[in-house]
Amino acid sequence: MKNTIVRKKIIAISGSTRLRSTNHSLIKAISELYVGQLDVAIFNGLSELPHFNPDDDTSQIGGKVANFKQQLKRSDGIIICTPEYAHGVPGTLKNAIDWTVSSCEFSHKPTLLITASTDGRYGHKALLETLKVIEAKNIDQLQLLIQFAKTKINSDNKIIDNKTLEDVKEIMNRFIETVNETASENGSEISIGR
Ligand SMILES: Cc1cc2nc3c(=O)[nH]c(=O)nc-3n(C[C@H](O)[C@H](O)[C@H](O)COP(=O)(O)O)c2cc1C
């Protein structure tokens, strides 16, 4: 077995497509905090994915859907940061996840769910249930709800509330542990921390 030192590939998805999204800022904040340890690619294509239709969801599918699936498949872990809309999961995010159900990109993949919203409880619970049924790895332990998010994360991509910063670091440590464990279970890689 060959040991290589690699930064784990993480794909991060913001459930908000808003230009000045708090969730997008949160992803950037996380990416900056773990820059030496993780290679975080932000998936910006949620609103470009077509509406999910099971008839089109075949192995022949190409284009943006195939590219999305491939990015998920090649990643060592997935981070989702999302607001709640009307007590539910934002439609564009749910649409993207629906494209992965039959092809199982989330199955056994370390996945971290952070809901950063004004309240967020309903959307968080609904998305947890979805992620559970598609077998996202350790999802019960890898989840965090950040309420009144706009007061805790600023537009300079900084987490400005100390407790939130602590909570994010704690959940990220747990996520990285799961990512590293999963990579070594799968075979070939050993990573080092910062
Ligand atoms: C259409 C719409 C519906 C919303 N519904 C809720 C809601 O049910 N619960 C909640 O906590 N926030 C709700 N919000 C507020 C957003 O969650 C909040 O502004 C959040 O910070 C937006 O995240 P973003 O900055 O990443 O876009 C709603 C916002 C919009 C635009």
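Between which strand and which helix is the loop that holds Ser117? Ser117 lies in the loop that runs between strand E4 (111-116) and helix H4 (121-133). Helices (H or I, at least four residues) and strands (E, at least two) are DSSP runs, numbered from the N terminus.

This is a predicted model, in which local features need pLDDT of at least 70 and side-chain atom pairs count only at pLDDT 80 or more, while totals for chains, interfaces and linings use all residues. Residues are numbered from 1 along each chain as its sequence is written, and side-chain values use heavy atoms, with hydrogens and water left out.

**Confidence**

pLDDT is the predictor's confidence in each residue, from 0 to 100. The chain has a mean pLDDT of 94, and 94% of its residues reach 70 or more. Over residues 190-194 pLDDT stays under 50, and the model has 15 contacts for them beyond four places in sequence. Contact means heavy atoms within 4.5 Å. Where pLDDT is low, the predicted coordinates should not be read in detail.

**The ligand and Ser117**

The ligand is surrounded by 15 residues, of which the closest are Ser16, Ser21, Glu84, Ser117 and Asp119.

| Residue | Part of residue | Ligand atom | Distance |
|---|---|---|---|
| Ala86 | backbone | nitrogen | 2.9 Å |
| His87 | backbone | oxygen | 2.8 Å |
| Ser117 | side chain | oxygen | 2.7 Å |

Taken alone, the ligand exposes 630 Å², and the protein buries 71% of that. Accessible areas come from the Shrake-Rupley method with a 1.4 Å probe; for residues, only the protein chains shown count as cover.

Ser117 has a relative accessible area of 9%, so it is buried. Buried means under 20% relative accessible area, exposed over 50%, and partly exposed in between (1.4 Å probe, protein chains only). The side chain of Ser117 also reaches the backbone nitrogen of Glu84 at 3.0 Å. Leaving out residues up to four places away in sequence, Ser117 touches Pro83, Glu84, Ile146, Gln147, Phe148 and Ala149. Phe148 is in the loop between E5 and helix H5 (162-185), and its phi is positive, near 50°, although Phe148 is a residue other than glycine.

**Helix H3**

Leu93, Asn95, Ala96 and Ile97 are buried in helix H3 (residues 91-98). The buried residues of H3 pack against strand E1 (8-14), helix H2 (63-74), strand E3 (77-82) and H4.

**The loop between H4 and E5**

Asn138 is found in the loop between H4 and strand E5 (143-146). Asn138 is not a glycine, yet has a positive phi of about 55°. Its relative accessible area is 33%, so Asn138 is partly exposed. Asp140 is also in the loop between H4 and E5, and is partly exposed at 42%. The side chain of Asp140 makes a polar contact of 3.3 Å with the side chain of Lys132.

Methods
Near = heavy atom within 4 Å. Polar contact = N/O pair within 3.5 Å; in protein donor to acceptor, adjacent residues only side chain to side chain.
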